[in-house]
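User: I have a model open and would like to talk through it. Could you take me around, starting wherever you like?

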Amino acid sequence: MKAVYKRELGAYFHSMIGSVCVAFMLAAVGLYFMVYNLYQGAPGFASALVSAIYLFIVVIPLLTMRSVAEDRKNKTDHLLLTAPVSVTGVVLGKFFAMVTVFAAPCVLYCLCPLIMKLASGSGGVVYFKSDYATLLAFLLLGCLYISIGLLISSLTENQIIAAVATVGVLVLLYLWDGILNFLPTTAGGNLVGMILVVLLLALLLYSLTSSYVAAAAVAVVGIVALGVCYFIAPDLFASLLPNVLGAFSLNTVLTSFATDYVFDVGGLLLYLSLTFLMLFLTVQMIQRRRWN
């Protein structure tokens, strides 16, 4: 894993992608920091981080589009898969290399609250706990998005397709809260929505296992279970789909750190668990191609 990590990290800065991503992140957050905190005098650096959350849509696809897709296109993935390192080690090496590039500007962000304290003098108010807690959530959210981009990159050998697909997923997650407002609230509408979710899960299972039987079994059992529950207690399905999908509102966790001054442990665990899930799925996709 260490060799893969060094190779990937060096590749990012030799190709200028790493330097461009670091520079863009510093410029975007630095601009909000200057306007909000230094010019307008807002005491919380966390507001600058929340305002610059859109930079994930630009930076993450640049980092992840070549991670696996380039190896597949150049056929160098065969060397990695036959090297004396596990597939998990290869995936983690690539993942930690991208996290290192992403974390580099985040380390410099740690100076911003200190600059605010120096600029405001002894009587100034700076929310150090909130700012650094928000920065931690910002970093973990970036790690989650990197794992999503890594999974998408493992599905194709075309870097452009990987980048565009990652942008699409990140835009969807960015607009997640607004989209939930358009979901049906009636019991019947939520039943249909939950059936679609079950079918998507069955499709994902098929893509991982190539087993029609397992995918069909999950689909049939899930649909029958939903039908039985709807027949017994239809009132439980009212607003069920928005409530279920609302639990995966990733931006809300970051906002709770910044504006509500709440250290959301559950939100951080959500980031970490989803990151682990995305990495696990990436390993399974590569393992499947390896044995095929």
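**A walk through the model**

Analyst: Let us begin with T275, which has its place in helix α16 (residues 265–291), where helices (H or I, at least four residues) and strands (E, at least two) are DSSP runs numbered from the N terminus. This is a predicted model, in which local features need pLDDT of at least 70 and side-chain atom pairs count only at pLDDT 80 or more, while totals for chains, interfaces and linings use all residues. Residues are numbered from 1 along each chain as its sequence is written, and side-chain values use heavy atoms, with hydrogens and water left out.

User: Is T275 buried or exposed, and what does T275 contact?

Analyst: T275 is buried, with a relative accessible area of 8%; buried means under 20% relative accessible area, exposed over 50% and partly exposed in between, using a 1.4 Å probe and protein chains only. Leaving aside neighbours within four places in sequence, T275 is in contact with F95, C143, L144 and S147, contact meaning heavy atoms within 4.5 Å.

User: Stepping back, how many helices and strands are there in the protein?

Analyst: The protein has 16 helices and 0 strands, and its C-alpha trace spans about 65 × 55 × 30 Å along the principal axes. Of the 292 residues, 42% are buried, and among contacts between residues at least 6 apart in sequence, 79% join residues at least 24 apart.

User: How do α12 and α13 pack?

Analyst: Helix α12 (residues 187–209) and helix α13 (residues 212–232) pack at an angle of about 165°, with their axes 8 Å apart; here axes are lines fitted to C-alpha atoms, for helices over the stretch in contact, and angles run from 0 to 180 degrees between N-to-C directions. The two helices are therefore roughly antiparallel to each other, given that angles under 35 degrees count as roughly parallel, over 145 as roughly antiparallel, 65 to 115 as roughly perpendicular and the rest as oblique.

User: And which residues make the contact?

Analyst: On the α12 side they include L191, M194, I195 and V198, and on the α13 side they include V218, A219, G222 and I223.

User: Switching to aromatics, how many pairs does a search of the whole structure find?

Analyst: The search finds 14 aromatic pairs, where rings of Phe, Tyr and Trp (its six-membered ring) pair if their centres lie within 6.5 Å, and planes under 30 degrees apart count as stacked, over 60 as edge-to-face and the rest as tilted. One of them is the stacked pair of F56 and F102, at 5.7 Å centre to centre with 25° between the planes.

User: Why does that pair tie together separate parts of the sequence?

Analyst: F56 lies in helix α4 (residues 55–64) and F102 in helix α7 (residues 87–109), so the pair ties together parts that are 46 residues apart in sequence. F56 counts as buried at 1% relative accessibility, and F102 is also buried, at 0%.

User: What about F257 and F263?

Analyst: F257 and F263 form an edge-to-face pair, 5.4 Å centre to centre with 75° between the planes; F257 counts as buried at 1% relative accessibility, whereas F263 counts as partly exposed at 48%.

User: Which residues do ring pairs link into a cluster?

Analyst: The cluster consists of F33, F45, F56, F102, Y109, F138 and Y145.

User: Last one, L55: what does it touch?

Analyst: L55 is found in helix α4 and counts as buried at 0% relative accessibility. Not counting residues up to four places away in sequence, L55 touches F24, M25, A28, V29 and F138.
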